[in-house]
Amino acid sequence: MADFKTHIATSTVCGIAVGALGYFHFQYDWGTAALGAGLTAIGGMLPDLDSDSGIPVRELFGLAGVFVPLLLIHRLQGYQLTPEQLLVILGGAYLVVRYCVAELFKRITVHRGMYHSVPAMLIAGLAVFLMHKPDQVIGGAELQKRLFLAMGVMIGFLSHLILDEIYAVDLMGGVPTLNQFAGSALKLKSDSYLATGMTYAILIGLGYLAWLSVGSPTFEQTYVQTITPFKK
Ligand SMILES: [Zn+2]
């Protein structure tokens, strides 16, 4: 399988392409274009969050610890927090991702398990789609921006899965043969029913939330509108 450097180099190249597409084709400002590029580059590292050891994983959780709070800023701005409260929440989010989530991952994931799969790629895209809420204006432009960023992270993720598949082909003596990892990256399910079931449950849950959030003023309002009928 491909090593960390190959993955990051490939997804960075994809990221530059995504950023250029955003800047020149969609005419986004440099901030949105660069965010799309960065998310694409990071997407290429995400599947290896499940490997238990090594600097790459620590690095990834460090990055995730920074990026998750940053993506949450727009959402949090709606709550009229003081700058100090915002800092405490962002700092807390960093610690939770960097240490708690990292530890949890170590315990529950198997390397090259469901993290290297097509549904996991969709989950990454949906997570970005839900986390980033660019502005209060509702309409096609906002939706397009969110889709752009979500596509970015999925393109990066996909580049990783494809690379892992390519590296599963041994070119021994010019005759391509498949090693034991062949077909294990671009998969739809794993041998573990629990892991597969959980992955699809998360995918369906996030998909539902994304569906609710489209065309509504804010996710929070949508949520309230959704649960209110049940309260009566
Ligand atoms: Zn991998």
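**Helix packing and a zinc site**

Tutor: The axes of α1 and α2 come within 7 Å and cross at roughly 155 degrees. Keep in mind that this is a predicted model, where local features need pLDDT of at least 70 and side-chain atom pairs count only at pLDDT 80 or more, while totals for chains, interfaces and linings use all residues. Residues are numbered from 1 along each chain as its sequence is written, and side-chain values use heavy atoms, with hydrogens and water left out.

Student: What makes α1 and α2 roughly antiparallel to each other?

Tutor: Angles run from 0 to 180 degrees between N-to-C directions, with axes fitted to C-alpha atoms, for helices over the stretch in contact. The cut-offs are under 35 degrees for roughly parallel, over 145 for roughly antiparallel, 65 to 115 for roughly perpendicular, and oblique for the rest. The α1/α2 crossing is roughly 155 degrees, so the pair counts as roughly antiparallel.

Student: Which residues of α2 make the contact with α1?

Tutor: Contact means heavy atoms within 4.5 Å. On the α2 side these are Trp30, Ala33, Gly36, Ala37, Thr40 and Ala41, and the α1 partners include Ile8, Cys14, Val18 and Tyr23.

Student: Why is α1 called roughly antiparallel to α6?

Tutor: Take helix α1 (residues 4-25) and helix α6 (residues 140-167): their axes come within 9 Å and cross at roughly 150 degrees. That angle is what makes α1 roughly antiparallel to α6. Among the contact residues are Cys14 of α1 and His160 and Asp164 of α6.

Student: How do you know where helix α5 (residues 118-131) stands against helix α7 (residues 193-213)?

Tutor: Their axes come within 9 Å and cross at roughly 30 degrees, so by the angle rule they count as roughly parallel. Leu122, Leu126 and Phe129 of α5 and Leu203 and Leu206 of α7 are among the residues in contact.

Student: Which atoms are the protein donors of the zinc ion?

Tutor: Donors are N, O and S atoms within 2.8 Å of the metal (3.2 Å for Na, K and Ca); water is not among the atoms, so sites may look incomplete. Here they are Asp48 (OD), His116 (NE2), His160 (NE2) and Asp164 (OD), 2.1 to 2.6 Å from the zinc ion. Aspartate 48 sits in the loop between α2 (30-43) and α3 (55-77) and histidine 160 in helix α6, so this pair ties together parts that are 112 residues apart in sequence.

Student: What makes the arrangement around the zinc ion irregular?

Tutor: Four donors are tetrahedral if all angles lie between 85 and 135 degrees; four are square planar and six octahedral if opposite donors are over 155 degrees apart and all others between 65 and 115; anything else is irregular. The four donor atoms subtend angles of 82 to 171 degrees, which makes the arrangement irregular.

Conventions:
Helices (H or I, at least four residues) and strands (E, at least two) are DSSP runs, numbered from the N terminus.
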